[in-house]
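Subject: Structure for you, with notes

Hi,

Here is the structure I promised to pass on.

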Amino acid sequence: MMQVLRTFKGKNAFTVLLLVAALLATQFSLSPSIASAASAFNQIAASGYSSQSGIQLENSTEGGQNVAFIDNGDYVAYTNMDFGSGASTFQARVASAASGGNIEIRLDSATGTLIGTAAVPGTGGWQNWTTVNATLTGSATGVHTLYLKFTGGTGNLFNLLWFKFGAAGLSAFSQIEAEAYNAQSGIQTEACSEGGLNVGWIDNGDYLLFNNVNFGSGATSFQARVASAASGGNIEIRLDSLTGTLAGTASVSGTGGWQNWTTVNASVNNITGIHNLYLKFTGGAGNLFNLNWFKFGTTPPVTGGDVEGKLFAGYQGWFNASGDNSPNGGWIHWSKNNNAPTANSNVNFELYPDIREYSKLYATNLANFGNGTQAKLFSSYDQETVNKHFEWMQTYNIDGAALQRFGADLSDTPNNWKTNRDSVAVKVKNAAETYNRKFYVMYDITDMNASTWKEAVKHDWTTNIVNAMHLTSSSAYAKQNGKIVVCIWGIGFTDRPGTAAEHQELINWFKNQGVYVIGGVPTYWRTGNNDSKAGFMSVYESLDMLSPWFVGRFGRNGLADVDNYSTNQYGPDFAYTQPRGIAYQPVIWPGSAWSNLNPNGPRNENPRLHGDFMWRQAYDMKNLGINTGYIAMFDEYDEGTAIAKIAENSSMIPTNQYFLTLDADGVALSSDFYLRLAGDINRMFKGQIPITVNHPTSHQ
């Protein structure tokens, strides 16, 4: 019926009105009940109006219902809105596939006192949501009937999901720009890499003053965006004078650069009411740190965790061998047809693993190695193999693994692949616990059924991940900011299933259960072209962490390609995500090739350059202030991206079959080189070793 209404909406079409009235009377009840008195400072659902003119409701991709079909002159009204001692700001969640319009904020009638106007832009879709803000030019105190009157051009203007007001005075709970001080001592401002200005040249004893900061009924946490090329210092939070009540102190550490931004948190003693706020800076000699913005919160911060500021590697765990007792019963991923790998006809992988440390191996049909060793391979189905891989993660300083989970089913009927996949998942849990590494589930939605994929992921998560295998109950399961972590890989890709509304609904479903959601997104997520579907920006912005895919997107031109991607992708991506509070986890990869898997693929397609290619990515990222990464992949021998131990030269591969070895570019590397390189990248990201253009990792 909503489509009919959008098509025929016309206030003078009497016949259509009768039809609509009849439909509403017989099938729907769209008029909400009249609300009781409510605080204007809480988030208010637009659908909760007490009266309206000209609008209708529809389901929102962000949950609940939104006000829609808004034309020029329409309005919604809300009785008994309590503005307390005064409101000074207005905020609303809006979307528009047209050019937008305006929200006039009026008191007591549709032509009553105008206290402010919020401009609404076009957002590219009726469910592409964004938040707009406005400063009130008039005074609103006490209890009123609030009218939101909509103005603009012709046709439908925009949709409205929710709104709220801010208290008189500067709200302590909104992000406050450091350069917006009322007074200062000792500081200067400069252009900030995250946009706008930041406060810099902060020395011991300097301060900033912000007048009339409204803490409402209580603030108990403090958050600030800081950077330091020195050793940092402290931010003392004082009330009403420079020597006034000390409510809390935030510690700032060195970040490796004056524009390498990070967010620090601190608990504060409960602050209520309106105060003049002093931020007093203390520390050693010389410049201490820079400050971009700060804000307060109502609950003590739950911060830190296992993925932000950490280095994870993707873990496939998908190799099987005949005789490993897996229900798959064959050579999965090593060969093209499940029979034993045979030279020049049935080989599916590009890199041969260094097999010297595995306690369980399985004979292939390939010739012996150049050094006479029999050509054998491991199986990921063996607990011993998974243990060895996680032992290497511990030894070489990799924080954990993103466990690839390919597909999901609505049916619980067992099959060989599902049984194998779930068995490996439990073995990953066991190994992570044994070797003190972290892991999280990464759903890969590639090739899933477009009509059932979303519900299948929900079912699999609840039935298998949480309830059957108890993965999220493991001490090794990754958490961030107190929340368990999941990744959905394939969001927004042109060749993966799901509309923007479906992806948004799934993200919201996880978030409503207190889950921290990472999105594996296209390279061009930010511009919405090439490998990214259009109209997904609001979906991307709703994620806790974005992890763009870069494998195979560049590399044939070596380091010049990396620097180009730093300029055009890493840098702009990071600059976009940080002010919006979205964590950024770019993909780092060592090189790739897949000539055995795909005969049309050239040998050594994206050369590794004896580690220079992978290090340059990390070096460029760290120079931008990025300290979180995802390595693709730990054990991807098929497409030549593995960092786990690899055959060094022709003495460690069969004599009758081509494999890419680590000495392909003329430099001899030890089989563990890429594990050691990953460990040094992690140390550089964490500020434990200097940022250097050349990697410090020895080739042997």
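This is a predicted model: local features need pLDDT of at least 70, side-chain atom pairs count only at pLDDT 80 or more; totals for chains, interfaces and linings use all residues.

Below is what turned up when I went through the structure, topic by topic.

**Aromatic pairs**

Let's start with the rings. There are 47 aromatic pairs in the structure, and two of them get a closer look here. A pair of aromatic rings is described by the distance of the centres and the angle of the planes.

Take Tyr 207 and Tyr 278 to begin with. Their ring centres are 5.8 Å apart and the planes make an angle of 50 degrees, which puts the pair in the tilted class. Tyr 207 belongs to strand β18 (residues 207-214) and Tyr 278 to strand β23 (residues 274-282), so this pair ties together parts that are 71 residues apart in sequence. Are these two tyrosines buried or exposed? Both Tyr 207 and Tyr 278 are buried.

The other pair is Trp 334 with Phe 349. Here the geometry is edge-to-face, with 4.8 Å from centre to centre and 75 degrees between the planes. Trp 334 and Phe 349 each sit in the loop between β25 (311-315) and β26 (362-363), 15 residues apart. Trp 334 has a relative accessibility of 0%, so it counts as buried. Phe 349 is buried too, with a relative accessible area of 0%.

**More on Phe 349**

Asn 596 is 247 residues from Phe 349 along the sequence, yet their C-alpha atoms are 5.9 Å apart in space.

Phe 349 and Trp 334 also belong to one aromatic cluster, whose other members are Phe 319, Tyr 352, Tyr 358, Phe 369, Phe 378, Trp 392, Tyr 637 and Phe 659. If you want to look at this part on screen, centre on Phe 349, in the loop between β25 and β26.

**Helix packing**

Next, two helix pairs. Helix α3 (residues 383-395) packs with helix α4 (residues 416-434) at an angle of about 45 degrees, and their axes are 9 Å apart. The two helices are therefore oblique to each other, and their crossing is right-handed. From α3, the residues that make the contact are Gln 383, Val 386, Asn 387 and Phe 390; from α4 they are Lys 427, Val 428, Asn 430, Ala 431 and Ala 432. Sorted by class, that contact has 5 nonpolar, 3 polar and 1 charged residues.

Helices α5 (residues 453-468) and α6 (residues 500-512) pack at an angle of about 15 degrees, with 10 Å between their axes. That makes α5 roughly parallel to α6, since angles under 35 degrees count as such. The crossing of α5 and α6 is right-handed. On the α5 side you will find Trp 453, Lys 454, Val 457, Lys 458, Trp 461 and Thr 462, and these meet Glu 502, His 503, Glu 505, Leu 506, Trp 509 and Phe 510 of α6. The contact of α5 with α6 divides into 6 nonpolar, 2 polar and 4 charged residues.

**A buried arginine**

Where is Arg 616? It is in helix α9 (residues 612-623). With a relative accessible area of 17%, Arg 616 is buried, because the cut-off for buried is under 20%. Not counting residues up to four places away in sequence, Arg 616 touches Leu 559, Val 562, Asp 563 and Val 693.

Last, the backbone. Most residues other than glycine have a negative phi, and most peptide bonds are trans. Here are some exceptions.

- Ala 632 and Met 633 are joined by a cis peptide bond, with omega at about 0 degrees. Met 633 is in the loop between β36 (629-631) and α10 (673-685).
- Phe 69 is not a glycine, but its phi is positive, near 55 degrees. It is in the loop between β5 (65-68) and β6 (75-82), and it is buried, with a relative accessible area of 1%.
- Asn 212 also has a positive phi, about 55 degrees, without being a glycine. It lies in strand β18 and is partly exposed, with a relative accessible area of 46%.

Cheers

How values were computed
Residues are numbered from 1 along each chain as its sequence is written. Side-chain values use heavy atoms; hydrogens and water are left out. Helices (H or I, at least four residues) and strands (E, at least two) are DSSP runs, numbered from the N terminus. Buried means under 20% relative accessible area, exposed over 50%, partly exposed in between (1.4 Å probe, protein chains only). Contact means heavy atoms within 4.5 Å. Axes are lines fitted to C-alpha atoms, for helices over the stretch in contact, and angles run from 0 to 180 degrees between N-to-C directions. Angles under 35 degrees count as roughly parallel, over 145 as roughly antiparallel, 65 to 115 as roughly perpendicular and the rest as oblique. A crossing is left-handed if the near helix is turned anticlockwise from the far one by less than a right angle, and right-handed if clockwise. Ala, Val, Leu, Ile, Met, Phe, Trp, Tyr, Cys and Pro count as nonpolar, Asp, Glu, Lys and Arg as charged, and the others, Gly among them, as polar. Rings of Phe, Tyr and Trp (its six-membered ring) pair if their centres lie within 6.5 Å; planes under 30 degrees apart count as stacked, over 60 as edge-to-face and the rest as tilted.
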